[in-house]
Amino acid sequence: MCDKQNILSGINTKEDFMKLLNEMLDLKPNEFHPLVFINAPECCEFGKNVYIGYLSEVNARGSKVVIKDNCDIAGFVSINVADSHQRCIGLKDEIDRGPITLEESVFVGSHSFIGGHTHIGHHSVVAAGTILIKGGYIPPYSLIKGNPAQIYPGYYTKD
């Protein structure tokens, strides 16, 4: 109990708490929030006015993630270039890694997954809970939803 009291006695401000949280959990600082996890930030490009919600992850290790201007990524989203399932079960020797790009003004709903080898065109929406694995090129103004993901090109095109 004394250790807890000693640790907590130095917390007087929100900044003190966030510093302690970062140290205890070995969180890497980023421009969004301490509870947004950016793996290999040197492999990421973030545009202006990008929002990433709490407890979301961007893993670019071994490839590249580009998130352009005005994208809104909700909480509990995983954007991950790596797919290790075939290596894990002995079908491949390497982890499959592929780039991910979100063009301008893409919205990604909560609890979604975007895997490598995916390029989402501008002004598209990834609906909450969508699982998008090796999505390829998705045209602008698309709606992407479901598991497995269904793509509705031009869904948001103005008439």
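In the predicted model, the side chains of Lys 134 and Asp 96 meet in a salt bridge, with an N to O distance of 2.8 Å. This pair links distant parts of the chain, 38 residues apart, since Lys 134 lies in the loop between strand E15 (131-132) and strand E16 (136-138) while Asp 96 belongs to strand E9 (residues 96-97). The two partners are assigned to separate accessibility classes: Lys 134 is partly exposed, at a relative accessible area of 45%, whereas Asp 96, at 18%, is buried.

A search of the whole structure returns two salt bridges, and Glu 45 and Lys 64 form one of them, at 2.6 Å from N to O. Glu 45 is located in strand E2 (residues 44-46) and Lys 64 in the loop between strand E4 (57-59) and strand E5 (65-67), so the contact ties together parts that are 19 residues apart in sequence. Glu 45 is partly exposed at 39% relative accessible area, and Lys 64 is partly exposed at 36%.

No disulfides are found in the whole structure; for Cys 44, the nearest cysteine sulfur, that of Cys 43, is 6.8 Å away. The sulfur of Cys 71 lies 13 Å from its closest counterpart, in Cys 44, which is too far for a bond. Cys 44 is buried at 12% relative accessibility, and Cys 71 is buried at 1%.

Six strands form an open sheet of mixed pairing, in the order E3-E6-E11-E14-E17-E18, with strand E3 (51-52) and strand E18 (150-152) at the edges, each pairing on one side only. Within this sheet, strand E6 (residues 72-73) and strand E11 (residues 107-108) pair in the parallel sense over two bridges, and Ile 73 has Val 108 as its bridge partner in E11.

Notes
Residues are numbered from 1 along each chain as its sequence is written. This is a predicted model: local features need pLDDT of at least 70, side-chain atom pairs count only at pLDDT 80 or more; totals for chains, interfaces and linings use all residues. Side-chain values use heavy atoms; hydrogens and water are left out. A disulfide is a pair of cysteine sulfur atoms within 2.5 Å. Buried means under 20% relative accessible area, exposed over 50%, partly exposed in between (1.4 Å probe, protein chains only). Two strands pair if DSSP finds at least two bridges between them. Helices (H or I, at least four residues) and strands (E, at least two) are DSSP runs, numbered from the N terminus. A salt bridge is a side-chain nitrogen of Lys or Arg within 4 Å of a carboxyl oxygen of Asp or Glu.
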